[in-house]
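Welcome, and thanks for taking a look at this model with us. Please keep the sequence and the structure open side by side while you read the points below.

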Amino acid sequence: MSSVALLFSGLHGEHLETVSEEILQHNTLKDEIDLHIPVIQDLIKESEILASMQPNDKDFASLQHQIKRLPPSLTRECAHREKFLKDCKSAAQFYRDADGVTAQLNAQLSLLDTDNLGSSVDEVEALQRSLGAQLEKMKLLDEKTTNLNKKAANMSRDRNVASEKVNQKMKELSFLREKVWELLKDREKALEDSFDYQTLLRDAAEIDDWMVEKLESTQDPQFREMTNIDKKQKNISALESELETRYGDLNKIAEQGKQLMAQDHYASAEIK
C-alpha cells in the first residue's frame, strides 16, 4: 500500500495495540508529507511559469490544477485520518476496559452459581462473609461501569466513529451488571433465611439436649434420695426455675418458627 493510500485506508484492527501501531504509521506518514509539501509548492511555482509559456495547453492546465490541489487535500485527509485514529483509540481503550469489567462480572456469576446455604450457623456466617466480600467487589465494579458509561456518552456526544458499537457494548455490560446484582440480592436473602433456620435448629437442639440431660438427672439415685429433704427441695426448685426459663425459650422458638413459615420460608416444611 502506498503512503498516500494509507490516508484513505480503514482500520485494520480494534485492539489497542493495533490502533497504536496504526497511529505510529500515520505519524510517520504525516512527517513524510510535511517534508514533501515544500517540494510540491516549488512544483506549483514552476508550473505557473510553464503555464504562462503555454496558456492554451489544456493537458498541462489540468495537471497544474491537480498539483495545486495536493497540499490542501493532503492536509485535510491527514486531519480526517487523525480524528479517525483518535476515535479508534478511544474505542479500543473502551473495549479493553469493558472486557475487563465483563470478565470480572462473569467471575462473580460463577461464584453465585451454587445452592450451598450452609448446614450450621458457623457455615452460614462464613458464606455471608464471603458474600460480603463479593458485594464490596461489586461496588468497585459499579464505579468502573459508571466511568465506562460516562466515556460512552462522551463518545456519542463527540460523534466517535465507533459510538454505535460502543453503546451496544455498554448496553450488554449494564445488562450483565444488573443480572449479577439481582443474583447477589437473591443470595443475600437466601443466606439470611438460612441463618434464621440454622439458628432455630441450633436453639431447638440445645433445648432438646437440655431436656435429655434433665431427664437423665431425675433418674439419678441421688435426685430420688429422700434422706436430705432440704437438698432435694432445692434441686426441685432449681429444676422448676430452669423449666420456666426453658419454657420461655421453647415458646420463643415456636414463635420464630411460625414467623418463618408465615414468610413462606424455603424450609417451612421442615420447620413445621
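Accessible areas here come from the Shrake-Rupley method with a 1.4 Å probe. On that basis the chain exposes about 18,200 Å², and carbon and sulfur atoms supply 53% of this area. Please bear in mind that this is a predicted model.

**Overall build**

- The chain has 8 helices and 0 strands, so the pattern read along the sequence is α-α-α-α-α-α-α-α.
- Of the 272 residues in the chain, 31% count as buried.
- Among contacts with a separation of 6 or more, 77% are between residues 24 or more positions apart.

**Salt bridges between helices**

- How many salt bridges does a search of the whole structure find? The search finds 12 of them.
- Side chains of opposite charge can pair when their charged atoms come close.
- One of these salt bridges joins Lys151 to Asp97, with the closest N and O atoms 3.5 Å apart. This pair links distant parts of the chain, since Lys151 sits in helix H4 (residues 121–157) and Asp97 in helix H3 (residues 58–112), 54 residues apart.
- Both partners are partly exposed: Lys151 has a relative accessible area of 40%, and Asp97 has one of 23%.
- Asp99 forms a salt bridge with Lys169, and here the closest N and O atoms are 2.6 Å apart. This pair also links distant parts of the chain, with Asp99 in helix H3 and Lys169 in helix H5 (residues 163–218), 70 residues apart.
- Asp99 is partly exposed at 39% relative accessible area, and Lys169 counts as partly exposed at 25%.

- Lys185 forms a salt bridge with Glu188, the closest N and O atoms lying 3.9 Å apart.
- Why are Lys185 and Glu188 separated by about one helical turn? The reason is that they are 3 residues apart in helix H5.
- Lys185 is partly exposed, with a relative accessible area of 45%, and Glu188 is partly exposed as well, at 26%.
- Salt bridges that share partners also build one network, made of Arg96, Asp97 and Lys151.

**The loop between H4 and H5**

- Asp158 has its place in the loop between H4 and H5. With a relative accessible area of 42%, Asp158 is partly exposed.
- The side chain of Asp158 makes a polar contact with the side chain of Arg157, at 3.1 Å.
- Asp158 and Asp87 are 71 residues apart along the chain, and their C-alpha atoms are separated by 9.1 Å.
- Arg159 lies in the loop between H4 and H5 too. Although Arg159 is not a glycine, it has a positive phi of about 55 degrees.
- Is Arg159 buried or exposed? Arg159 is exposed, because its relative accessible area is 71% and the cut-off for exposed is over 50%.
- Asn160 is found in the loop between H4 and H5 as well. Asn160 is buried, because its relative accessible area is 5%, and buried means under 20%.
- Which residues does Asn160 touch, not counting those up to four places away in sequence? They are Asp87, Ser90, Ala91 and Met155.

**A nonpolar surface patch**

- Ile49, Leu50 and Met53 form a nonpolar patch on the surface. Together these residues have about 320 Å² of accessible area.
- Ile49 is found in helix H2 (residues 16–53).
- Ile49 is exposed, with a relative accessible area of 54%.

How values were computed. Residues are numbered from 1 along each chain as its sequence is written. This is a predicted model: local features need pLDDT of at least 70, side-chain atom pairs count only at pLDDT 80 or more; totals for chains, interfaces and linings use all residues. Side-chain values use heavy atoms; hydrogens and water are left out. Patches are made of residues with over 30% relative accessible area and no salt bridge: like charges are joined within 9 Å, nonpolar side chains (Val, Leu, Ile, Met, Phe, Trp, Tyr) within 5 Å. A salt bridge is a side-chain nitrogen of Lys or Arg within 4 Å of a carboxyl oxygen of Asp or Glu. Helices (H or I, at least four residues) and strands (E, at least two) are DSSP runs, numbered from the N terminus. Buried means under 20% relative accessible area, exposed over 50%, partly exposed in between (1.4 Å probe, protein chains only). A polar contact is a pair of N or O atoms within 3.5 Å; within protein, one must be able to donate a hydrogen and the other to accept it, and residues adjacent in sequence count only if both atoms are side-chain atoms. Contact means heavy atoms within 4.5 Å.
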